[in-house]
There are 2 protein chains.
Amino acid sequence: MYDNIYSEDVGSFFRSPVREIFKKVDLNAIYSFAGGYPSPDTFPLEEIKRTMAEVIDKYGSKAFQYGATQGVPELREAVAKRCGVPVERVQITSSSQQGIDVCTRVLVDPGDVILTSSPSYLGALQSFRSYRADIRGVKHSPDIEAFKQAYEGVIAQAHAEGKKIKFLYMIPDFQNPSGESLTLAEREMLVALAQKHDFLIVEDSPYRELRYEGEHIPTMYSLDPDRVIHLGSFSKIFAPGFRLGWAIAHPDILDKIYVCKQSLDLCPPIFDQYVAAEFLSSGRLDANLEKSIALYKDKRDHLLNLLAQHMPEGIRWTHPEGGLFLFLTMPEGFEAVKFYDKALDAGVAYVAGEFFHPDGSGKNTMRMNFSFMTKERMTEGVKLLASLLSSRA
Amino acid sequence: MYDNIYSEDVGSFFRSPVREIFKKVDLNAIYSFAGGYPSPDTFPLEEIKRTMAEVIDKYGSKAFQYGATQGVPELREAVAKRCGVPVERVQITSSSQQGIDVCTRVLVDPGDVILTSSPSYLGALQSFRSYRADIRGVKHSPDIEAFKQAYEGVIAQAHAEGKKIKFLYMIPDFQNPSGESLTLAEREMLVALAQKHDFLIVEDSPYRELRYEGEHIPTMYSLDPDRVIHLGSFSKIFAPGFRLGWAIAHPDILDKIYVCKQSLDLCPPIFDQYVAAEFLSSGRLDANLEKSIALYKDKRDHLLNLLAQHMPEGIRWTHPEGGLFLFLTMPEGFEAVKFYDKALDAGVAYVAGEFFHPDGSGKNTMRMNFSFMTKERMTEGVKLLASLLSSRA
């Protein structure tokens, strides 16, 4: 009965391997390097409780009523101020995943090209595929001229095929999954490419504020505010359970996102927005974020030390200056997807790197998260994973 | 620069006239019969505050973390129990508007036919159009055989054009905008039509529990659970600010909705779900709902009395047995859209009925809401509207 009823898009849906893991496994019963979950220790429960009571006293029934599709004015203004942009350019989204999805919806027809890094964020690839976009991934090269030429090659190829390139999707800061950041020169080069070939850039910045060393690098948005759509998220700087993010864009683009959002869900969650606005404007968010950054820096250092200490020869990993992830490259021939069942049986989880590669390459890579587990559990987890990898070799 | 960048869908987007009104007008500064806002008096602020503190104490950091795409188990189970369906058939949605949108996304390709009543819910029409569906509206007829033949005619016409009919969208209980309900015989007839011509039914039920007289009528879902997708909402029985609803469907369909939702927004708001689950399972929701029903019945009666007392000759209106709306039909030649600016200038708002008609008919109709304003303000608002209408005649 259900064979011929679905839309064509459904044929391109694919399940998030990460979300499927979480359906089957109790995260607290295994050593999980798999998810992108913030540490539960970063949620300021008592402050949240107090703020919620304050919001109810301050806003009353307004906090539980329908609200503006763009987001409540208090939160839009707080985000605009934080990001240094006019409030007219701010749309509150019901999660930054929705930001990605709605950008794709308003920009992409089936067959249109989206340029991405390779690897790139799984949830974005999932959304792009669901609209039947033609995803073209480009591997990073430390040589900026070679990096540029790699993009030029992909762009020329797409144009030769008569394809429209709609946008470049980038996570310039502490990328998911690699943990790496783009230099300012790389950002400038990519923005110049977008200007030259007239496509947009969707800049996804959920981790930007989680920097543990080095200096902040300007956003791609700041390099060309009329060409770059900037997406932000409260999930990593506050709490993911509120499902709140923001999109910053030229008013013409933002207007399309706004009208689309009317029919998607009318408006973002209202009470949650007031709580986030109070946290932001009272300075509580920044005070808490400072503590989170110290915690995550310590955890990152711990994982880097553990890997250096326990991992067998022939395995490389990235050194992220921020964010929640690092990325491992195993010897050629290693298959992280095949190895996964063995690891999970033994009680340790990661995400196989090939899921992040639009072309299915990267079979010998894996992503490890360092935000979720305690240091003690990370120690046990790395020891276990390292021993499994060693016994395999 | 932005002329040729958007997807084809964008060409079919249209702005909600209701949401546009709300952008421009302070609802509390005018007499607004326009929105579908619940009464702020129905939000149990102190109980919500207490429940929120309880949720934080009970669930701790879990209430602020990422969660399952299907919804948190506690809420899925509470909804399943309330609706008398297996929990495997329940997906929590981030608003019932999202339920409508995601059904359309997974079922409809551009050009596919969606059957609706005429008039029908604006937000649904907005979503259907955004996917470039071919919407065919059918006017209600009190003669069930004529009503059936009207649908048969539209179905035959669509088939003759080689079109696929994907689903019938219906709000059987206290419809938005008409306030009218389908009889059991009408529900049975429509389900039989869907079986005969092999299309699905999307049953949208946000108002079902707000009944002020008469007996509950079985849902269309109960008549054929494998063919009907049932959508519910917490917006009218609890509070819209949480943006929570549910979809109940055959597991095959629900699985597509689930995978789609992964890339739409990963999961519904977590904390809000726990609050709703606590409200449901503790009985607080039902206790509060009982009070809301008494309040709304009184308001409905008040509006019906006001209309009978003040409206000039030649105007008819529906007698809703529940819900939030009634629907006025003015004499032929009256244009509710044109009259609207005059009404708004004078300080009273409604929604012109033609926006609810897929074919743009119903120019002499308007929707009036009776849930939002106090009885005192309704009195003033009806007097004002009636005097404007009288002076026009």
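Modeller: Copies are superposed by least squares on the C-alpha atoms of residues with pLDDT of at least 70 in both. On that basis, chain B is brought onto chain A by a rotation of 180 degrees with 0.0 Å of shift along its axis, at an RMSD of 0.0 Å. The two copies are thus related as by a two-fold rotation axis.

This is a predicted model, in which local features need pLDDT of at least 70 and side-chain atom pairs count only at pLDDT 80 or more, while totals for chains, interfaces and linings use all residues. Residues are numbered from 1 along each chain as its sequence is written, and chains are lettered from A and ligands numbered from 1 in the order in which they are written.

The interface draws 65 residues from chain B and 63 residues from chain A, two residues being in contact if their C-beta atoms, placed from the backbone, lie within 7 Å. Six helices of chain B, H1 (17–24), H2, H4 (96–107), H5 (122–130), H9 (251–265) and H10, each supply at least two residues of the side that touches chain A; helices are DSSP runs (H or I, at least four residues), numbered from the N terminus. H9(B) gives the most to this side, with nine residues. The side of chain B comprises 33 nonpolar, 18 polar and 14 charged residues (Ala, Val, Leu, Ile, Met, Phe, Trp, Tyr, Cys and Pro count as nonpolar, Asp, Glu, Lys and Arg as charged, and the others, Gly among them, as polar). Of the interface residues of chain B, 97% are also interface residues in chain A, so the copies meet through the same surface.

Several of these helices also pack on one another within chain B. H4(B) and H9(B) have axes 10 Å apart at an angle of about 110 degrees (axes are lines fitted to C-alpha atoms, for helices over the stretch in contact, and angles run from 0 to 180 degrees between N-to-C directions). The two helices are therefore roughly perpendicular, a term for angles of 65 to 115 degrees. Here Val102(B), Arg105(B) and Val106(B) of H4(B) meet Lys256(B), Ile257(B), Cys260(B), Lys261(B) and Leu264(B) of H9(B), giving five nonpolar, no polar and three charged residues.

H2(B) (residues 45–59) and H10(B) (residues 270–281) come within 9 Å, their axes crossing at roughly 110 degrees. That makes H2(B) roughly perpendicular to H10(B). Thr51(B), Met52(B), Glu54(B), Val55(B) and Tyr59(B) of H2(B) meet Phe271(B), Tyr274(B), Val275(B), Glu278(B) and Phe279(B) of H10(B). Seven residues of this contact are nonpolar, one is polar and two are charged.

How values were computed: Parallel < 35°, antiparallel > 145°, perpendicular 65-115°, else oblique.
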